[in-house]
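Take a look at the model below.

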Amino acid sequence: MNAIDHERYKSMAVPIADLMASPNGLNPEYMNAFKTADVVLGLDVDRENQPALCWSVFAGRGWMQEIIHGKTPVNLKMFFVSYRQSTDQLEQLCACCQAHRHECDYR
């Protein structure tokens with residue numbers, strides 16, 4: 001990821017607290033985008049100034065592998081979530097992916 005993309009994606013990242021800001025689950029403002037994204041990337045804000053270390057795949061690992069192998073899908077829908085790994089927000093994001101997308105690719 002180059003520096004321009006890194007900064008653009010950082011600015012698009014929805015804080016995990018905002019994503020889950022509903023007593024019944026996902027915030028309606030982000031629900032559809034989160035559930036239908038081809039790829040969900042998480043930004044660890046504790047390391048946000050280290051582009052090679054701060055991004056993790058939470059959903060859509062298969063799409064990411066296709067991209068790595070030179071097969072760029074057209075119109076790939078991305079969703080970016082920021083979280084703080086030094087707190088319980090990592091576990092919250094994993095649980096959110098599992099509950100609302102029925103998958104969590106975080107490793």
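**A walk through the predicted model**

Residues are numbered from 1 along each chain as its sequence is written, and side-chain values use heavy atoms, with hydrogens and water left out.

K10 is found in helix α1. Helices (H or I, at least four residues) and strands (E, at least two) are DSSP runs, numbered from the N terminus. Leaving aside neighbours within four places in sequence, K10 is in contact (heavy atoms within 4.5 Å) with L43, E48, N49 and W55.

Helix α1 covers residues 3–12, and its buried residues are H6, Y9 and K10. They lie on the same side of α1, because they cover an arc of only 105 degrees around the axis; the arc is that of the directions from the helix axis to the C-beta atoms. What covers these buried residues includes β2 (39–44), β3 (55–59) and β4 (78–83). The face of α1 turned away from the buried side carries the exposed residues I4 and S11. At the start of α1, the backbone nitrogen of I4 has a side-chain oxygen of N2 within 3.1 Å.

Next comes the sheet. Its 4 strands form an open sheet in the order β1-β4-β2-β3, with mixed pairing; two strands pair if DSSP finds at least two bridges between them. β1 (14–15) and β3 stand at the edges with a single partner strand each, so one side of each is left without a neighbour in the sheet.

Which way do β2 and β3 run? They run antiparallel and are joined by 4 bridges. L43 stands opposite W55 in β3. β1 and β4, in turn, pair in the parallel sense over 2 bridges, and V14 stands opposite V81 in β4.

Last, consider two other helices. The axes of α3 (residues 28–36) and α5 (residues 89–101) come within 10 Å and cross at roughly 80 degrees. Axes are lines fitted to C-alpha atoms, for helices over the stretch in contact, and angles run from 0 to 180 degrees between N-to-C directions. α3 and α5 are therefore roughly perpendicular (65 to 115 degrees) to each other. The contact is made by F34, K35 and T36 of α3 and C96, C97, H100 and R101 of α5.

Key:
Predicted model: local features only at pLDDT ≥ 70, side-chain atom pairs only at ≥ 80, totals over all residues. Buried < 20%, exposed > 50% of the residue type's maximum accessible area, 1.4 Å probe, protein only. Polar contact = N/O pair within 3.5 Å; in protein donor to acceptor, adjacent residues only side chain to side chain. Parallel < 35°, antiparallel > 145°, perpendicular 65-115°, else oblique.
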